Amino acid sequence: MEKNDKKIKILIVDDDENICQLLGLYLDRDGFTAEFCHDGNTALSKLSSSVYDGVVLDVMMPGPDGFEVLSELRKFSEVPVIMLSARGESIDRISGLNRGADDYITKPFEPQELIARIRAVLRRSKPAEEIKNVTLFNLNVNLTEFIVTLNGEKVDMPPKEIELLYMLAKTPMHVFTRDELLNAIWGQGYSGDSRTVDVHVKRVREKLGDNPHWQLTTVWGVGYKIEVK
């Protein structure tokens with residue numbers, strides 16, 4: 001990894017703190033940034049409020065187990081996931097892969113092998129990112145084809161509204177300032193009224209209506225975010 005590259009952030013979910021510390025050392029040495037948690041509920045909280053490039057997820061842990069966490073995660077994120085388990089039975093591997101895991105590795109394992117597998121799933125995930133398609137529960141925003149669907153039904157939106165919605169939906173819970181949205185969508189050379197962001201957000205809200213899973217929220221004095229309920 002080049003020194004100028006943005007560090008890739010990996011969430012390690014395992015109730016064995018020794019494994020977390022060991023993986024943290026290897027990930028840091030290889031230029032990654034690692035965060036840790038030790039139970040299923042904390043994992044879901046972190047995953048719904050922060051953006052990660054990849055997740056290493058243990059199967060057996062307190063609270064919801066790894067399979068349950070993965071099932072919930074796939075309702076709002078396609079982040080690459082590698083499952084960890086002390087059990088090597090094929091039925092466990094099949095269950096993890098069927099629920100949306102990108103890879104599965106059994107304990108004990110060599111940290112170097114896990115790092116290699118992390119790099120592999122990250123490489124495989126890049127083509128999906130280039131398609132520019134994001135799914136958040138019952139909302140799908142395809143920026144490649146400029147199509148928005150809600151509950152499987154197409155929602156008519158002009159390109160700027162779709163770009164705005166895509167940017168917010170791609171990183172739920174992240175607060176974007178008005179200037180960040182303006183620069184990213186209208187360009188840094190835009191000389192019009194900055195309140196155009198507010199107008200577009202209002203129109204998007206009106207077209208999407210209330211949603212049981214998420215909402216487009218105003219963070220007063222800061223900007224906007226899509227909040228997962």
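**Cores and helix packing in a predicted model**

Mentor: In this predicted model, M83 is in contact with L57, V59, G66, F67, L70, A101, D103, Y104 and I105, leaving aside its neighbours within four places in sequence.

Trainee: What makes these residues count as being in contact with M83?

Mentor: Contact requires heavy atoms within 4.5 Å, and L57 and F67 are among the residues that M83 meets in this way.

Trainee: Which residues have the most contacts inside the largest nonpolar core?

Mentor: They are L57, M83, L139 and L165, in a core of 52 residues. Helix α6, residues 159–170, gives the most to this core, with 7 residues. A second, separate core has 17 residues, including L84, L114, I118 and L122.

Trainee: Why are residues such as I162 and L165 of α6 called buried?

Mentor: Buried means under 20% relative accessible area, and the residues of α6 in that class are E161, I162, L164, L165, Y166, M167, L168 and A169.

Trainee: What span does α6 reach, and what span is expected?

Mentor: From its first C-alpha to its last, α6 reaches 16 Å, close to the 16 Å expected for its 12 residues at 1.5 Å a residue.

Trainee: Why are α7 and α8 called roughly perpendicular?

Mentor: The axes of α7 (residues 178–186) and α8 (residues 196–208) cross at roughly 85° and come within 9 Å. Angles of 65 to 115 degrees count as roughly perpendicular, and the two helices are therefore given that description.

Trainee: Which residues meet where α7 packs with α8?

Mentor: R178, L181, L182 and W186 in α7 meet T196, V197, D198 and H200 in α8. By class, this contact has 4 nonpolar, 2 polar and 2 charged residues.

Definitions and conventions
Residues numbered from 1 in each chain as written. Predicted model: local features only at pLDDT ≥ 70, side-chain atom pairs only at ≥ 80, totals over all residues. Heavy atoms only, no water. Core = buried A, V, L, I, M, F, W, Y, C linked by side-chain atoms within 4.5 Å. Buried < 20%, exposed > 50% of the residue type's maximum accessible area, 1.4 Å probe, protein only. Helix = DSSP H or I, 4+ residues; strand = E, 2+ residues; numbered from the N terminus. Expected span 1.5 Å × (residues − 1). Axes fitted to C-alpha atoms, helices over the stretch in contact; angles between N-to-C directions. Parallel < 35°, antiparallel > 145°, perpendicular 65-115°, else oblique. Nonpolar A, V, L, I, M, F, W, Y, C, P; charged D, E, K, R; others polar.
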